[in-house]
Amino acid sequence: SGRKTATRRATAYGAKPGNTFLAGTLGRFRITAVYRQKLGDMTEEDAKKEGCDSLEDFKALWQRMHPRLGWEDTWYVWGIEWSRL
């Protein structure tokens, strides 16, 4: 649907702006930005790029995905953003 246009990961997995990738039947995408960010610096807009309705929803999703780690505002993650080609 184009709702999710970013992801946060522990590593960038070699992602670089300009790289393209195929996401199954969704089509081809181009990475537009790769950056480091503290979880605590995420905004409501960042959460919406992640496909969530709010930052609180994203925090809950993160904690479900990473139950042993939880959420720490000081942790750095990689932000990777893309657009559909």
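In this structure, 5 aromatic pairs are counted, where rings of Phe, Tyr and Trp (its six-membered ring) pair if their centres lie within 6.5 Å, with planes under 30 degrees apart counted as stacked, over 60 as edge-to-face and the rest as tilted. The model is predicted: local features need pLDDT of at least 70, side-chain atom pairs count only at pLDDT 80 or more, and totals for chains, interfaces and linings use all residues. Residues are numbered from 1 along each chain as its sequence is written, and side-chain values use heavy atoms, with hydrogens and water left out. Helices (H or I, at least four residues) and strands (E, at least two) are DSSP runs, numbered from the N terminus. Buried denotes under 20% relative accessible area, exposed over 50%, and partly exposed the range in between (1.4 Å probe, protein chains only).

**Aromatic pairs**

- Phe-21 and Trp-82 form an edge-to-face pair, at 6.0 Å centre to centre and with 85° between the planes.
- Because Phe-21 lies in strand 2 (residues 20-22) and Trp-82 in strand 4 (residues 76-84), this pair ties together parts that are 61 residues apart in sequence.
- Phe-21 is partly exposed at 28% relative accessibility, whereas Trp-82 is buried at 15%.
- Phe-58 and Trp-62 form a tilted pair, 6.1 Å centre to centre with 45° between the planes.
- Both Phe-58 and Trp-62 belong to helix 2, where they are 4 residues apart, about one turn of the helix.
- Phe-58 is buried, with a relative accessible area of 3%, and Trp-62 is buried at 7%.
- Phe-21, Phe-29 and Trp-82 are joined into a cluster by ring pairs.

**Nonpolar cores**

- A nonpolar core is a set of buried Ala, Val, Leu, Ile, Met, Phe, Trp, Tyr and Cys residues joined through side-chain atoms within 4.5 Å.
- The largest such core has 9 residues, including Leu-39, Met-42, Leu-55, Phe-58, Trp-62 and Trp-71.
- Helix 2 gives the most to this core, with 3 residues.
- A second, separate core of 5 residues includes Ala-15, Phe-29, Ile-80 and Trp-82.

**Salt bridges**

- There are 7 salt bridges, each defined by a side-chain nitrogen of Lys or Arg within 4 Å of a carboxyl oxygen of Asp or Glu.
- Asp-53 and Arg-3 meet in a salt bridge at 2.3 Å, N to O.
- Asp-53 lies in the loop between helix 1 and helix 2 and Arg-3 in the segment before strand 1 (6-9), so the pair ties together parts 50 residues apart in sequence.
- Asp-53 is exposed at 53% relative accessibility, while Arg-3 is partly exposed at 43%.
- Lys-4 forms a salt bridge with Glu-50, the closest N and O atoms being 2.7 Å apart.
- Lys-4 lies in the segment before strand 1, 46 residues from Glu-50.
- Lys-4, Arg-8, Asp-46 and Glu-50 are linked in a network of salt bridges.
- Glu-81 and Lys-49 form a salt bridge at 3.4 Å, N to O, which links strand 4 to helix 1 across 32 residues.
- Glu-81 is buried at 14% relative accessibility, and Lys-49 is partly exposed at 23%.

- Glu-50 is found in the loop between helix 1 (44-49) and helix 2 (55-65) and is buried, with a relative accessible area of 7%.
- Leaving aside neighbours within four places in sequence, Glu-50 is in contact (heavy atoms within 4.5 Å) with Lys-4, Ala-6, Thr-7, Arg-8, Met-42 and Phe-58.
- With neighbours within four places in sequence again left aside, the contacts of Lys-49 are Arg-3, Lys-4, Thr-5, Ala-6 and Glu-81.
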